[in-house]
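Hi everyone, thanks for coming.

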Amino acid sequence: MDRNYQKICGARTIQSDKNGFFNKFYLETKQTCGEKWLQNYFGQLKSNEARILSMFNDPEICDTVLSILENVQPVYKQKDAFFSAQNRIKAEKCYILSANTNKQENLAQALAFANLAVTRAPAKGVNKQIDGGFSLAMAFRARAAILLAMDEGQVALSDLKLAASFGLDTQKNVDYYIQLAKAYELMDEMARAEISLKIAEKFAGDNKHTIQVCRQEWASKKAEKKKQKVKLIGKGPLLANGENPDLKGASHLVKLVESKEKGRFIAAQNEVRTGDVILNEKPIAACLLPSFYGGFCCHCLQKLVTPVPCSKCSGLAFCSAQCMVEACESYHRFECQFMDLFIGSGMSILCYIALRIFTQAPNVESALNTSDLLYKNLCAHEDSRQADDYLQRSLMAGFLMRCLQKAQYFGPRKSEGVNPTPIELKVCTGLLGLLQILQYNAHEIYQTVKSADHIFDGSRIVYIGAGLYNSGAYFNHECWPTVARYFVGKNLILTATKPHHPNEVIAENYGPIFTKMNSKERQRSLRGRYLFSCDCMACQENWPTLQKLDNQVRFRCPSTSCSSVLHFPKDVLKDVRCARCRKNVSLKESVSRLIKIEELYREAAEAMQEQKVYQAIDLFKESIDDFFQIAVLPHKDTLIAQLSLIKCMAAIN
C-alpha cells in the first residue's frame, strides 16, 4: 500500500483547504511534540478517549494545544442595516424600471438586489437609526412587490407574512392588503383574495381607484387563468415492496448480510427488477458546502430563489421560514456565530457533519449515544491509521469541542479556559470517532443542473454537500455499480440499474468507475481513500474503459443451470459447444432477442431526445431486464443504456 498516498487522502478528509489556519495549528503542534513522541507514545494509544486525554493533559503537547484553542472566538458575517437599505433602494429602482422597459431583465435584477437586502437586514429594533429599526420588514415588503410582478404568488405571500411578523404596520395599511389579495389571486385562492380586497376597501375610504383596477385585472384574466405553480419539496419515489423494518429507508427487497471477507453489506432478499427503488433514506446529518451557502438552502438543500435569512448572521440562508425556524431552533443556534471561523479553518465537509450530529441533537446525552452507536456499527479502520492521522483528527475534534464550549452548547461556563470538563471530554472523544467513520461512510450530495432548453442536453452534476446515511453506508463498492444514486433534497435514492437474484450483492460506486478509469488507477484510489482492494467483475476481468470498449457481447449458455458465458457465434445458424456443460447449444434465439433489445435502446434514446422521460424509463427498464436474461457485461450499448436510465431517473426527481 502507498502510505504517502493514503496520508494525503486522509488529510483531505479533515482539511480540504490547506490555506486554512487549522493546517498551521496541526503543523505547529506536531513540531512541538516531535516525531519520537508522536510515533512511540501517541501512535501507540489504543482508544479515542486516551488520545483526547493525552492531547489535553500530556506535557509534550497540551500547552501548545491549549494556548491555540484559547484564541477561538466567534467570527461570522454580521448584519448591516445600511447595506440592506442601499440594496432595497436599488431593487425598488429596478422594479420601477421594469414597468417601462426590459421587464424580465429588470425584475430579475430587482430580485437579486432584494435578496441581498433581506439577507443583510438586521432583526427588528437592532438598528433604529436606519429605517426606524424595521429594515428586515421593509426588505421583505419590497421583495414581495417584485415577486407579485413576476407572478410568484406563493413566495410573495410568504414574504408579506414575514414582513408583518418582523414589524411592518398592517393596521389600516391599504397597500398591504391589496398585495395580499394579488398573492391569493395568483394562487387561485379567490375567496381569500376577495376577503383581503374587502379589508383594503374598508380602509381606503373614498380612494378606491387601486382596488377597482385590481378587480378589472381579475376580470380580464379570468378566461385565461392559470394556476400558480407551487414548488414543493418532494420526498422522492416510493420504495419497491415497502420498507424493510430492519433497515430504515431501505426496501423489503434487500437485506443486510455479513461475511468475514466483506463485513456487513446489502444483498437482494427477493428478485429485484431494473428500476426498483431500493433506498429512499433521510440522512443522519447532512451539510451544504460553504461555497454554495448563497445558492442553496442550508437546511433542506433545495435551490434558493427567495432566501430567508438567519436573524443574527448573513453568511447563509434558507428557502423558507419553516426551514429557517427548524434550523435556528436546532443546530444553527450553536453554529451561527462561528460560520466564518469554520470556513477560515479550511476544515472539510466531513468535519461539519461530525459537528452537526452534536448540534442538531435534542441534548448532549442523545448526541453521545448517536456518536457511540455510529462508531460501533460503521467501519473506522482504526488499526490501519497512522499516528499523524490520529493527531490531526484529535486536534480537529478539540477545535470543534472548543467552538461548542464558546457557543454555550454545554451551558454557561464558570471559566473562559479551554480545559474540558468530563462531559466535554466525552463529546470530544465522540467527535474523534465520528471523524474516523465519516471518512469511509459519508456520501457526497449532488444535484443535476438542467439547461433551460433541454432536460438532458447541457445538464451537469454539481456536488453541493455531503451526508451520512445509516442504511446507505452498508452498500459495498463495485467499479460498475448495480444501482443509480441520486438525491431528492437531502434524501439519498438508490434505484436498481439491473435485475438481481436473491442473495446477489447490490453494489454502489465510491468514485473510481471503470468507464472512465483503468484498473490500476482505480485500485490505487480505493486503497488510498478506503483501504481496500476491489475484486469486482470489472477488476477481475480488467474491463477496458467505455471509450476503448467494443460492442461485442457474451451470451449466457441457454442450458438450464449452466453459468457459462459464450462469445458471439461466427455462424448464428450453427450450434456452439459449451465448455462447462459440454452441450451443443443454439444461440439463434439469443441473437434475435439481442437485436430487439438494441432496437428498444434506440427507441429509448429517441424518447430522451424528445424529452419523453417516463417513456424512456419504461423502455430502458424493459430492455435492460431482457439483456441480463441472455447476456452479461461488459456490453457497450447496455452500459450506455444504464447510464441513460440514471439520467432519466434523476431528471424526474
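I'll start with the whole chain and then go to a few spots in it.

First, the ground rules. This is a predicted model, where local features need pLDDT of at least 70, side-chain atom pairs count only at pLDDT 80 or more, and totals for chains, interfaces and linings use all residues. Residues are numbered from 1 along each chain as its sequence is written, and side-chain values use heavy atoms, with hydrogens and water left out.

About that score: pLDDT is the predictor's confidence in each residue, from 0 to 100. The chain averages 92, and 97% of the residues score at least 70. Keep an eye on residues 225-233, though, where pLDDT stays under 50. For that stretch the model has 17 contacts beyond four places in sequence, a contact being heavy atoms within 4.5 Å.

Now the overall picture. We have 23 helices and 15 strands; these are DSSP runs, H or I of at least four residues for helices and E of at least two for strands, numbered from the N terminus. The C-alpha atoms fill a box of roughly 100 × 80 × 40 Å along the principal axes. Of the 653 residues, 52% are buried, and buried here means under 20% relative accessible area, with exposed over 50% and partly exposed in between (1.4 Å probe, protein chains only).

The domain assignment, automatic or from a database, gives domain 1 (81-218), domain 2 (254-281 + 445-541) and domain 3 (551-652). The centres of domain 1 and domain 3, taken over C-alpha atoms, are 58 Å apart.

Let's zoom in on helix α8, residues 153-165. Its 13 residues reach 18 Å from first C-alpha to last, close to the 18 Å expected at 1.5 Å a residue; that expected span is 1.5 Å times one less than the number of residues. Buried residues in α8 include L157, L160 and A163, and among the elements covering its buried residues are α7 (135-149) and α9. Just after α8, G167 takes a positive phi of about 110 degrees.

Over in α9, residues 174-186, sits D175. So is D175 buried, exposed or partly exposed? At 47% relative accessibility, D175 counts as partly exposed. D175 and M138 are 37 residues apart in sequence, and their C-alpha atoms are 13 Å apart in space.

Last stop: S98, in helix α5 (residues 81-98). S98 is buried, at 9% relative accessible area. Setting aside neighbours within four places in sequence, S98 touches K103, N106 and L107.
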